[in-house]
Amino acid sequence: MLVLVTYDVNTEDSAGKKRLRQVAKACISRGQRVQNSVFECVLDASQCAELEHKLESIIDPARDSLRFYYLGNRYHTKVKHVGAKPSYDAEGVLFL
């Protein structure tokens, strides 16, 4: 299923900057960054639960926020891209 992960981490102090890097690193390991704090992740149920748990253990819920949007397996008709950054095939091959 396609899961859209978004986050807002308070970076007013060095601890917040560290949390931001940790959240981004965890998301990069599971998905594709499509905007600064937005990742598209193709995951099965256990991978999704694992990522949620990892991110929840990193953030400070009093200062930061996470949002998970579950677009399911038929997400192709639910995502529309317009603008400068090229779109990509979430289940295709990514070149690094």
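Student: What kind of model is it, and how are residues numbered?

Tutor: This is a predicted model: local features need pLDDT of at least 70, side-chain atom pairs count only at pLDDT 80 or more, and totals for chains, interfaces and linings use all residues. Residues are numbered from 1 along each chain as its sequence is written, and side-chain values use heavy atoms, with hydrogens and water left out.

Student: OK. Which elements does the protein have?

Tutor: Two helices and four strands. From the N terminus they run β-α-β-β-α-β. Helices (H or I, at least four residues) and strands (E, at least two) are DSSP runs, numbered from the N terminus.

Student: What is the strand order in the sheet?

Tutor: S2-S3-S1-S4, in an open sheet with antiparallel pairing. Two strands pair if DSSP finds at least two bridges between them.

Student: Which strands stand at the edges?

Tutor: S2 (32-35) and S4 (65-72). Each has a single partner strand, so one side of each is left without a neighbour in the sheet. The twist averages 25 degrees from one strand to the next. For angles, axes are lines fitted to C-alpha atoms, for helices over the stretch in contact, and the angles run from 0 to 180 degrees between N-to-C directions.

Student: How many bridges join S1 to S3?

Tutor: Five, between residues 2-8 of S1 and 38-42 of S3. In that pair, Val 3 has Cys 41 as its bridge partner.

Student: And S1 to S4, how many bridges?

Tutor: Seven, and those two strands run antiparallel. Thr 6 stands opposite Arg 67 in S4.

Student: Is S1 mostly covered or mostly exposed?

Tutor: Mostly covered, with five of its seven residues buried. Buried means under 20% relative accessible area, exposed over 50%, partly exposed in between (1.4 Å probe, protein chains only).

Student: Switching to H1. Which of its residues are buried?

Tutor: Gly 16, Arg 19, Val 23, Ala 24, Ala 26 and Cys 27. Seen down the helix axis, the buried residues of H1 fall within an arc of 160 degrees, so they line one face. The arc is that of the directions from the helix axis to the C-beta atoms.

Student: What sits on the face turned away?

Tutor: Exposed residues: Ser 14, Arg 21, Lys 25 and Ile 28.

Student: So what covers the buried residues of H1?

Tutor: The cover includes S1, S2, S3 and H2.

Student: Now the core. Which residues have the most contacts inside it?

Tutor: In the largest nonpolar core, of 18 residues, they are Val 5, Tyr 7, Val 23, Cys 27, Leu 51 and Leu 55. S1, H1, S3, H2 and S4 each supply at least two residues of this core. A nonpolar core is a set of buried Ala, Val, Leu, Ile, Met, Phe, Trp, Tyr and Cys residues joined through side-chain atoms within 4.5 Å.

Student: What does Leu 51 touch?

Tutor: Val 5, Ala 26, Arg 30, Cys 41 and Leu 43, not counting residues up to four places away in sequence. Contact means heavy atoms within 4.5 Å.

Student: Last one. Where does Arg 63 lie?

Tutor: In the loop between H2 and S4. Arg 63 is partly exposed, with a relative accessible area of 32%. Leaving aside neighbours within four places in sequence, Arg 63 is in contact with Asn 10, Glu 12, Asp 13 and Arg 19.
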